[in-house]
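Trainee: I would like to take a close look at a single part of this model, and then to see what surrounds the topic. Could you go through it slowly with me?

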Amino acid sequence: MRYSAFKVFMQGLTGNKGWKPVWREPEPKPEYDIIIIGAGGHGLSTAYYLAKEFGLTNIAVLEKGWLGSGNIGRNTTIIRSNYMLPGNEPFYEFSLKLWEDLEQDFNYNAMVSQRSILNLFHSDAQRDAFVRRGNAMFLAGADAELADEAQLRRELPFLDFDNARFPVKGGLYQRRGGTVRHDAVAWGYARGADSRGVDIIQNCEVTGIDVENGAVRGVQTSRGAIRARKVAMCVAGSSGRVAAMAGMRLPIESHVLQAFVSEGLKPVLPGVITFGAGHFYVSQSDKGGLVFGGDIDGYNSYAQRGNLPVVEDVAEGGMAIMPMIGRARLLRSWGGIMDMSMDGSPFIDKTHIDGLYFNGGWCYGGFKATPASGYCYAHLLARDVPHPTATEMRLDRFKRGHLIDEKGQGNQPNLH
Amino acid sequence: MIINHPLLGPRDAAEFIYLGDASLIDRPGWEDPDADEKFYEYGYLRDNPAGAHQELWYHEQGDRSWLVVTRNTLSHEITNVELARDVAKSRGRDR
Amino acid sequence: MPEFSLVSTPPLSGTDLTFGDSRVTSPADLAIVSFALPLGGESAAKTAIKSAYGVAVPDVGKSVVAKDEQARLVRLSVDQGFVIFTHDTPDAERVVAAAIKGKAYTTDQTDVWCALEISGPSCRRALERICPIDLHPDAFAVGDAARTTMEHLGTLIIRTDEHTFLLLSASSSAGSFLHAVETSFQNVM
Amino acid sequence: MSQVNRINGGLIDRSKVLNFSFNGRNMQGHPGDTLVSALLANGQTLVGRSFKYHRPRGILTAGSEEPNALVHLRSGAHQEPNTRATVTELFDGLTATSQNHRGSLEHDLMAITDFASPFLSAGFYYKTFMWPKAFWEKVYEPAIRKSAGLGRLSMKDDPDRYDKGFLHCDLLVIGAGAAGLSAALTAARSGARVILADEDFTPGGRLNSETLSVENMAGQDWARMTVAELASMPNVRLMTRTTVYGAYDHGTYGALERCTDHLATSDGKPRQVLWRIYSKRTVLAAGATERPIAFGNNDRPGIMMAGAVRTYVNRYGVAPGRDVAVFTNNDDGWRTAADLVARGVNVTTIIDSRDAPAVMNIAGVRHIRATAVMDTVGRKGLKSVTLTSGQVVPCDCLAVSGGWNPNVHLTCHQRGRPEWRDDICAFVPGGPLPVGMAVAGAANGSMTLGAALAEGHAQATAQLDALGVKAKGDAPTAEDEPRACAAFWHVKESTKRAWVDQQNDVTVKDIKLANHEGFRSVELLKRYTTMGMATDQGKTSNIAGLAILAEASGKTIPEVGTTIFRPPYTPVPLGALAGRCRGEDFRPYRLTPSHKWAEENGATFVEVGNWLRAQWFARPGEKGWRDSVDREALQTRQSVGICDVTTLGKIDVQGKDAAEFLNKVYANAFLKLPVGKVRYGLMLREDGICYDDGTTARMAENHFVMTTTTANAVLVFRRLEFARQCLWPGLDVHLISTTDGWAQFAVAGPNSRSLLRKVIDEDHDISNEAFPFMGCGEVTVCGGMPARLFRISFSGELAFEIAVPARYGNSMMDVLMEAGQEFDAVPYGTEALGVMRIEKGHAAGNELNGQTTALNLGLGGMVSKKKDCIGQTLSQRPEMNRDDAIRLVGFRPVDRARKLIAGSHFITHGDDATMSNDQGWMTSVAFSPSLDHSIGLGFIKRGHERMGEIVRAVSPVHDTEMDVEIVSAHFIDPEGERLRA
């Protein structure tokens, strides 16, 4: 069923009785060409692009809970491609370009809103680093704009310019950055994959990965064994747990990242703003809630909830940079589990087991990568060679000494 | 979170800095024949269990001791706290 | 006669504030020397300290007043502690090293810290606003000491009497530290 | 018109009148009133507009679960959006305005959306607004954003102050209703340290709203008496106006105390205090929330929860209507009718969905059984209700009771998942509760007063027992009132829209549509329809919503389950969560010992981490910072300059094995450093990347003084402690920071020795022979003052660093400047320091950025292959040692008049400016007054082999590029003759 304003209008006239289910609820078949473990954003987009771009549709996406229940359903919705390193930036720019055409592509309004993202800087050294980054973005075909204090005073008069502990000296904009209605991304991809024949199987937990003679043969699930010659892990946050079923240890730790939303407010923020002297970034949703976050809690956790010190740290950053939000109230906080990798960058790669593929290690940057991650993973699954923008996202890079460390924090995951 | 420090009693985890898996104590020998491989595994690979996890915390705003805390990563329940120095010694580390 | 002379201007010097029933002052000429117990030489060091001060090295998290009441020993960690005493010349480290006959490694900490003594019945209510440590007398008795953080500042707090606390924090951030303590009192008055 | 609906009784003080205004209309109330009770007293039942359809809305509840009666409280910078008027304590001078309407509250132009509702079904926006593509940001979204949102921020800085604090207790009791008071009393009498917290300003919970008796006295009186006893006990901290909003790990709770929100002004005191409560044990006695029933047009002003109606009558002495009808599925609803009749309020009808006889006989009230309300009339105020029987019942207030939901929220903040109990048609706490928590009273499904009191006592007794404290006393007693309930969620006969989530305008139809479209998990339902995502977090809507989903999907309610309850229980202002940490108090300031001197001598300061450092010292007549910086750098190179370098980290390293320890943590060798010598040390991370650098001086055989960079002082200390305790615990080595203890000054320039000779006491020989480059030692200055002297140079000139105890630092700066007068000594700041270090090619933060190796920095030779050190093995990985690795070199503009740009990328001539052609980047630039042109440092592939090559330095963010020449990073005195002079 194709969605359109006309369809909404006609359905409205007839009591909204003619809408079709957005996806089927199929029973698992005994065998597929490809099994994707995890119906989160990346898993669903992988299935979508496999079907749409690579013509492969005999695919099952297995989901332990409900579709979109991973980090696609609990993030702060930001898209951007303001990376710096050659192993990253072309990939994220590819992703941003996919975002820009996404809604027309999958006929679902995910509210891709290029409202801009701004990273504030507070020192000359930070400015130098942002200039380096902005220039790298240009070299990769992305956009960047350096703003000085005077410009920011005009555009964002509510920032604390005059009483700040760390005065704002300027910022790096990416005007094409912005936000997306995160759940709708999962639904749009799910709908697009389902309509092309992909089986999305919810409430189907993978309990084992079958390997024979170094090659994958299928998976065991809470709904029985399912065979496949290709199995694609796509469970960021739980990568360690799933990879352990195949006997793998990963360069990843699972950490909790909290996120926050305020009560609904009339529009106050134009785009995404990131404070450069503390842990705070914020945007405002179309419903009016300020959606904000900061740093991870910092300890290994699979608990999807955090603790007070980070809540307070984030609020302190918020009040330091925009003291007009003091009377806005935190409505809800939640936690997501992040695959924190050893250099802060992800993996889209084959594993040492034939037919077993790995996608993970997205740290807290996975949402913006959803389209490109799915596309590149589909490329790898379909053709067995990496997509040109994802050639560096290899599991063996640490052994080789090829680090993609944007923040320069080294092999300590909780610092990325 | 509250960490029950073996010498100081319960303290808010906010006083501590987290490092990671307590296997970081087991630094390989640099002259081992397969030192490259061992250091790679030491530096980069983690068990990352969903369950009991032995991990290193540093009491920076306290007595500056490194602790080995056994904590469940699903429930956050802490079942054991030891001085890392004692753990390191018991694992044969010396000088 | 040297051509130039140096004047001492310790941070917070002369602080004397009253908040209702409580007072905040900066003790004058407070000298602080750290001692570290050598690995393998712990008992020799402890013996030397005991003979110098007439009291045993306290347990971690405790402090004790020297027999002659002229110094306070604070045990900060397994192998480290402070001797805190009144002394007005910049040779405190040598004084302590001599007293303990060099049996522990000593470092002058006098200028690393700034100090506030806060006393009076309202102290606990004010400290409640910045100090995460439970200061109920059952949980933090006279002589107890704890390093913790207050308003992002590392702080050593020692209960020296029922309603008296000695607070030490980094000397470079003395102004922010005083501001934090002062604000706490103002907020509960 | 004044207080037309005020009746007798209640816990209000009629002797005082409080004036307030709503939408500019002046009204009066009394102490003890909430804004809503006072509005009701004044006959104001229309209070706001809903989120999506802008429906006229009144008052649904009398508590913090309120979805409708949200207002802007106060005005100007104090304006507080989305404030629940039901729990806003009335004060004299209160002003409030309604929100979310264009035009007046009565005539909201946006109400047109209500008529377009057939086209605005759940999730309609996902299916449209996609064409043309560019219209989303420009047309559709701005319109949606403008009409969405609720209240409005003032856009002005929050003028109030906030504070935080820490509390500790044996037993935390959350909620001061019957169960909570019973628990707190039990614990308090036993001598335990108790905190009793309640969100209300008058403790007592439902006791204040009911006419039930405890211990043979009126419940209101028993509550007052009990509270008085608790307040008098030294081991009890009674916290009213305090919401415990979150249960965190290991018995830590977040609580918000509203200190001055009930006053006209804060008077300089913190408006709110955010408490972190550390409890050994907790009794949650958070009560229960009454839930509505969904029927056609059930959202009209005048339709209210039955329990709330009792609250307004019994607690506030206000009649919410003249002619009241009751619609209930349970016994409790009947008490509303009984209480109202007892107060002389006219109750016409009780409509009970159950086919059961009357629960009680209430004179003059008609009982209609096995019937439900199907529709209502009265857009801005209820006029009548239509029953499933077709009968029309005129009324201006309909009291609805769909049963009560235990407030299980805090039990679920960790891993708890509620369990369904059929007998009370509600979820009760289930799964693992937060450590140390027990639940009592209605929150635990013990719905009658007698049971609540008994359970409060029992849970407190058990909790004390676990702490080894013997409980004293017996449970207070009360009769158990009738509480039978029969599940009844929505009226199927209704053809009109029936609201489930009133604030977000989610109706029964929306839920059915979501289910039909495949959004069958309760989490998907929530996300698709937005049910429960409004400011009330679905306190009155979620359970009915999932019951309707269960029905639609053919599952049972427990199969559907609940969404996850997340903190906070009620919304918490961001100002409170930040406390004092805003503006200049965001983080502490660290000041250098000579800060005062610098302030008095024209310094401009710059933030370096938490430090404030002098950036330059302007002199009269200088036109800009460059004038000052050029002068400082030139004068230092020509004569002598002085810079406070105290901020560098200093670590005292002592022990028999100190040298061996340093040899392990530095990449270069330290074992054989002689006493009296300083060595530059390079520290790697274990992954082989450069981490920090600095100089370390051997003051004695077993005593070293290490310096670190300013930025890494704390981090290096932490890593050293890790190495000491976890890697090599057998080494005798001890660490203590002395950063703040010594005021340290760089004295640099050809005249530095001459200057220092005037300050350092004569018995110390600092000639080049006696005190050569990289020498160190203890000296005395100014007649016996102990000091440390280091012959080290960052500027490349003959230079020393001299340290005195920090308390003499400000004076030392004076002395050095005075002694330097004859040499025209200048103080210099971080800018001149930076200029001189770039002139010398020294790496600093921009180069030691955590991404670069010793090889990249041209320091590869420093990493000893002959010994183990942190980072040694992994630094040898192949891709970190590629032939085409980036190298740190110098750059100068081909056109010397041009200014280099830090952050430019290098592109080989003839190549396009693309990422695949990227050769490296410029890390640091400065204007060199000695060379009279711009100079830079940067990383470029194979840089050391490309001396003299001209490359493009492109900076598209500046829309510029220039040709630059690769040169040695040592722009000045490459042989290092000056520093050895």
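Trainee: How near do the axes of helix α2 and helix α6 of chain A come, and at roughly what angle do they cross?

Mentor: Please keep in mind that this is a predicted model. In chain A, helix α2, which covers residues 41-54, and helix α6, which covers residues 182-195, have axes that come within 8 Å and cross at roughly 35°, and the crossing of α2(A) and α6(A) is left-handed. On the side of α2(A), the contact is made by L44(A), S45(A), A47(A), Y48(A) and Y49(A), while α6(A) brings A186(A), Y189(A), A190(A), G192(A) and A193(A) to it. If you sort the residues of this contact between α2(A) and α6(A) by class, you find 8 nonpolar and 2 polar residues, and no charged ones.

For another kind of contact, turn to the place where chain A meets chain B: here 26 residues of chain A are in contact with 25 residues of chain B, and the area buried between the two chains is about 2,200 Å², with carbon and sulfur atoms giving 50% of it. Within chain A, R249(A), N300(A) and Y302(A) lose the most area to chain B, and together they account for 29% of what that side buries. The rule finds 3 salt bridges across the interface of chain A and chain B, and the side chains of K399(A) and E37(B) meet in a salt bridge at 3.3 Å, N to O. Between these chains there are also 14 residue pairs in polar contact, and the side of chain A that touches chain B has 11 nonpolar, 10 polar and 5 charged residues.

Technical notes: Residues numbered from 1 in each chain as written. Chains lettered and ligands numbered in written order. Predicted model: local features only at pLDDT ≥ 70, side-chain atom pairs only at ≥ 80, totals over all residues. Heavy atoms only, no water. Contact = heavy atoms within 4.5 Å. Buried area = accessible area lost by both parts, 1.4 Å probe. Salt bridge = Lys/Arg side-chain N within 4 Å of Asp/Glu carboxyl O. Polar contact = N/O pair within 3.5 Å; in protein donor to acceptor, adjacent residues only side chain to side chain. Nonpolar A, V, L, I, M, F, W, Y, C, P; charged D, E, K, R; others polar. Axes fitted to C-alpha atoms, helices over the stretch in contact; angles between N-to-C directions. Helix = DSSP H or I, 4+ residues; strand = E, 2+ residues; numbered from the N terminus. Left-handed = near helix turned anticlockwise from the far one by under 90°.
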